[in-house]
Amino acid sequence: MSRTEAEKSVMGMIDLFHKYVKPDDTIDKPGLLKMLKENFPNFLKASDNQGKDYLSHIFEEKDKNEDKKIQFSEFLSLVGDIATEYHNQSHKATASSGGHQ
C-alpha cells in the first residue's frame, strides 16, 4: 500500500531529523544550526529581514529539558513553529491578493 501525502510528509520529517542526529538520536547545537541553514534558508532570510535573529536563541528555546541536545519531540516543536510562520505568511499573501486558501 502506498503512503498518503501526509504520511510522506511525516516520514520526510523523520528522515530530516535522522540526517543530523548523533549516535544517541539527538541533534546538538551545531547540527541544529546546520540543519536550519541547509533546509530553511528562506525562512531564516525572512526572519533576518524582520529584524529577528532566529538562530541566536532557537537552540536554548527548544531544548526544553536543558540537556544541550534536541530530541525528536523538541525538533518537531521547532518544525511546527516554522510551519506556523509559513502558514501565517500564506494568509498575508492571500489577503493582499484578495483570495483565500
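I'll start with Asp 25, which counts as partly exposed because its relative accessibility is 38%, between the 20% and 50% cut-offs. Keep in mind that this is a predicted model. Asp 25 sits in the loop that joins helix H1, residues 5–20, to H2. Its backbone is worth a look: phi is positive, about 65°, although Asp 25 is not a glycine.

Lys 68 is not a glycine either, and has a positive phi of about 65°. You will find Lys 68 in the loop between H4 and helix H5, residues 72–97. Is Lys 68 buried or exposed? Lys 68 has a relative accessible area of 61%, so it is exposed, the cut-off being over 50%.

Now the helix pair. In general, two packed helices are described by the angle between their axes and the distance between the axes. For helix H2, residues 29–39, and helix H4, residues 54–62, the axes come within 10 Å and cross at roughly 130°. The crossing of H2 past H4 is right-handed.

Which residues in H2 and H4 meet? On the H2 side they are Lys 29, Leu 32, Leu 33, Leu 36 and Lys 37. On the H4 side they are Tyr 54, Leu 55, Ile 58, Phe 59 and Glu 60. By class, the residues of this contact between H2 and H4 are 7 nonpolar and 3 charged, with no polar ones.

That's what I had; questions are welcome.

Terms used: Residues are numbered from 1 along each chain as its sequence is written. This is a predicted model: local features need pLDDT of at least 70, side-chain atom pairs count only at pLDDT 80 or more; totals for chains, interfaces and linings use all residues. Side-chain values use heavy atoms; hydrogens and water are left out. Axes are lines fitted to C-alpha atoms, for helices over the stretch in contact, and angles run from 0 to 180 degrees between N-to-C directions. Helices (H or I, at least four residues) and strands (E, at least two) are DSSP runs, numbered from the N terminus. A crossing is left-handed if the near helix is turned anticlockwise from the far one by less than a right angle, and right-handed if clockwise. Contact means heavy atoms within 4.5 Å. Ala, Val, Leu, Ile, Met, Phe, Trp, Tyr, Cys and Pro count as nonpolar, Asp, Glu, Lys and Arg as charged, and the others, Gly among them, as polar. Buried means under 20% relative accessible area, exposed over 50%, partly exposed in between (1.4 Å probe, protein chains only).
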